[in-house]
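Hi,

Here is the structure I promised to pass on.

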Amino acid sequence: MYRLALRILFADRTRYFTLVSGIAFSTLLIVQQASVFCGLMSWTDAILRNSRAEIWVMDTFLEQVQLPRPMREIELTRVRSVEGVKWAVPYFHRVLPVKQADGQYKMVQVIGLDNVSLIGAPRNIVAGNLENIRSPDTVMIDDYAVERISENFIAPNGEKRDVRLGDWIDINGSYFKIGAICDANRPIYGGPYIYMTYKHAQGILSPDSRTLAYMMVATQEGADIPTVVERIKKETGLLALEHEDFSWKTLKWFFANTGIPLAFGNTVVLGLIVGAVITGQTLFSFVTENSRILAALKAMGTSNRVLLNMILLQATSAALVGYGIGVGLASAFGLFVIPLKKPPFILLPHTLIIVFIVIFVIAMVCALLASRKVLVLEPDTVFRT
Amino acid sequence: MSGKSEKVIELTDITKSFGSGRAKVDVLRGIDLTVDAGEMLMIEGPSGCGKTTLLSIISGTLKPDAGKVVVLGKEITKARNRNLAKFRARHLGFAFQLFNLIPSISIWENVSVPLLIQGIKGREAKKRSIEILKEVGLDDRSSLLPNKLSGGQQQRVAIARALVHEPEIIICDEPTSALDGATGEHIMTILRQLTAEKNATVVIVTHDPRIHHFADRIVHMEDGKLLKS
Ligand SMILES: Nc1ncnc2c1ncn2[C@@H]1O[C@H](COP(=O)(O)OP(=O)(O)OP(=O)(O)O)[C@@H](O)[C@H]1O
Ligand SMILES: [Mg+2]
C-alpha cells in the first residue's frame, strides 16, 4: 500500500513538482537567510577574535565592543595590582577618518596596541613585518583596508593603483606609512582595521582625550579565570569579561538594539508561510481530487490508519526531497558568495537540523490537516457520484 | 463461508433516514432480505427509492438506524469501524458504476489493491492479479495504464479487482449503466461465469433491464420498501 502511495504521488508529476519546489524554496530561503545571518553575527565580535585576550576590562556601562567608553590611564595600574593578574596592557580603539585622494573620507577603526609587547595584533601577517609599527609613523593595515583605501588612491607620482607597503595615508590629519598588511576578521560595521602602537594612536587625538578603551589581561598560571574576573570587578569597579562572555554581550546587544534579527526573522517566517501554504494547499487539493478513489479504497477495507500513513508518507517523501534540494541550492549559493566575502555565509549544522525539523513538522501538520478530509469520509460516498 | 448457513446475507427490519427535523427523509422503511450462497441477486427500482443506500448497508459501508445486518454469520451492525474495514477487505469485492480505478498505476497494480490491503504483496500479488486478468481476457494489457482501455475493458479490470482476493460476496452498483448494451452484456457474462465458478454471492443494484436475465432473483424496491416479486 505504501509503495502504491509513493507511486501515486510520483505519477502526479505537476503536483509532486509543486510540492517539492514549494518545500525546496522554503528550505532555501530559510537556510540561506539563517546562514547569512549567522555570518553577519559572526562579524559582530571581529575585534575580539582578532585580538584574543583571556580577560577584557572595560567601563562598567559599556554596551558592546564596537562602542568603547574610554577609561582613565590610572585604571591600568589598579588592574595590574589585582591578585592573579599576570599582565594587563592598554588597548586603543577609535573610529577615525582616512582622507582620500578626492578629499573625501573613509572611516577606519584604529587599534592601538601596547607599545612594548604589541599584544593583540592579528597573527596572520601577509606583507611586511609587525615589528615595523614600532618605527615612528608606521602602521599595519588589514586586507580589507587595502581594498577600501585602494578604491580611491593616487600614488605620489600621480599613478592610480592599489595601496601597498611604503605608501603614506592620512588618518585624522596625521600621516602614517604602511609598514605591514595583515589578514584580519572583518567587522560588522565601522570600517577596516588599522593597527599601530598605543603611543602613535594617542598622538592622533588631542592630548586631553581619554584613550584607554580596553585592557587586555592575562592571568597567572594556575589562577582560576572566573575568580580573577570577579576580583577585578570588585577591586576596581570596572567591568571584566572573559572573551566568550564579551562576544555574547556584544551579540546580545545586536539582537536587542538593531533590526537585523527582525529583518532576517521576517524573511524566515515568510519562507515558512510560503512553504506551509504550498504544501498544505497541494496536499489538500490532492486529497480532494482523489476523494472518490480514496473512498473506494476505504470501502474496499483500507483502514483510516493506513490511509493516514499513506498521506503522511507522501508528505514526508516530498519534504525530504524538497529539503535536500533546498539545502543543495543554499549551499551552492554559499559557495558562490563566500569568495566575494560580502555577506558572510556560515551554514551551521544547527541550522540544518533545526530547519529539517521545522520543514518536517510543517509537512506533517499539512498532511494531518489534509487527511482529516479522508478520515471523516464515509466509505459509502463511493457509491454516490 | 460456514457450511451450515446457506444464508450469506440476512437483513431484518432495516430502517435508515437522512437529515433531521423537517428535512428528514426516510430512505429505508423496514427492509427484510436474505441472500443465499452463490446467488446472484438484483435490486431494481426507480431512482431515489433507496437502492444504493441499501447496498451500502449490506456492504457494511453505512450503518442503518435500526435493524440487524448479518453477513456470513457475523452481525456487522454491531462491529466497530476498524473491524468492519477488515471484514470488508477480506470477504467483500466491489465494482462501481464509474470503475474507480487509480489512473496513475498499471492495470495489474489496480487489480492487486485488495491483496495489498490485506497485506499480500510482491510476486504473489502480481501472480494472482495477472491470473484473474487472464480470466477477464485482459492479461495482455496488464502493464498499461487504465486510461488506455475502453469503458468496458476498465469495468472488466474492476471486476478482476473485485474478484482477485476471492471474496465470498461481490457488491456491484450499476455496473453496466456507464456502458453500451453489448458491452454491458459482455461484462455480465464474465461476472456471471466467474462468480458461478467460485460460488460467490453477488448483489447488484441496477436499473438496466437489459441485464435482468442474468439474475437468479430480482427484488423490486419502491419508496424505501421491497415489493414481493
Ligand atoms: N448521505 C445522504 N444524505 C442525505 N440524503 C441522502 C444521502 N444518501 C442518500 N440520500 C437520499 O436518499 C434517497 C435514496 O438515495 P439512493 O442513492 O439510495 O437511491 P437510489 O435508489 O440508489 O437512486 P439512483 O437509482 O438514482 O441511484 C435519495 O433521496 C437521496 O437524496
Ligand atoms: Mg443509486
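**The ligand site**

A polar backbone atom of Gly50(B) sits 3.0 Å from an oxygen atom of ligand 1. I call that a polar contact, meaning a pair of N or O atoms within 3.5 Å; within protein, one must be able to donate a hydrogen and the other to accept it, and residues adjacent in sequence count only if both atoms are side-chain atoms. Cys49(B) also takes part, with a backbone N or O atom 3.3 Å from an oxygen atom of the ligand. For Ser47(B), an N or O atom in the side chain is 2.5 Å from a ligand oxygen atom. On its own ligand 1 exposes 640 Å², and the protein buries 64% of that (Shrake-Rupley method, 1.4 Å probe).

Before going further: this is a predicted model, where local features need pLDDT of at least 70 and side-chain atom pairs count only at pLDDT 80 or more, while totals for chains, interfaces and linings use all residues. Residues are numbered from 1 along each chain as its sequence is written, chains are lettered from A and ligands numbered from 1 in the order in which they are written, and side-chain values use heavy atoms, with hydrogens and water left out.

Back to the ligand: the residues around it include Arg384(A), Phe18(B), Lys51(B) and His207(B), where near means a heavy atom within 4 Å. Because residues from chains A and B surround ligand 1, the site is shared between chains. The shell divides into four nonpolar, six polar and two charged residues (nonpolar: Ala, Val, Leu, Ile, Met, Phe, Trp, Tyr, Cys and Pro; charged: Asp, Glu, Lys and Arg; polar: the others, Gly among them). Helix H1 (residues 51-58) of chain B gives the largest share of that shell, three residues. Helices (H or I, at least four residues) and strands (E, at least two) are DSSP runs, numbered from the N terminus.

**The sheet in chain B**

Six strands form an open sheet with mixed pairing, in the order E6-E7-E8-E3-E9-E10 (chain B); two strands pair if DSSP finds at least two bridges between them. E6 (92-95) and E10 (225-227) of chain B stand at the edges with a single partner strand each, so one side of each is left without a neighbour in the sheet. E6(B) pairs with strand E7 (residues 169-173) of chain B in the parallel sense, over four bridges. Phe94(B) has Ile171(B) in E7(B) as its bridge partner.
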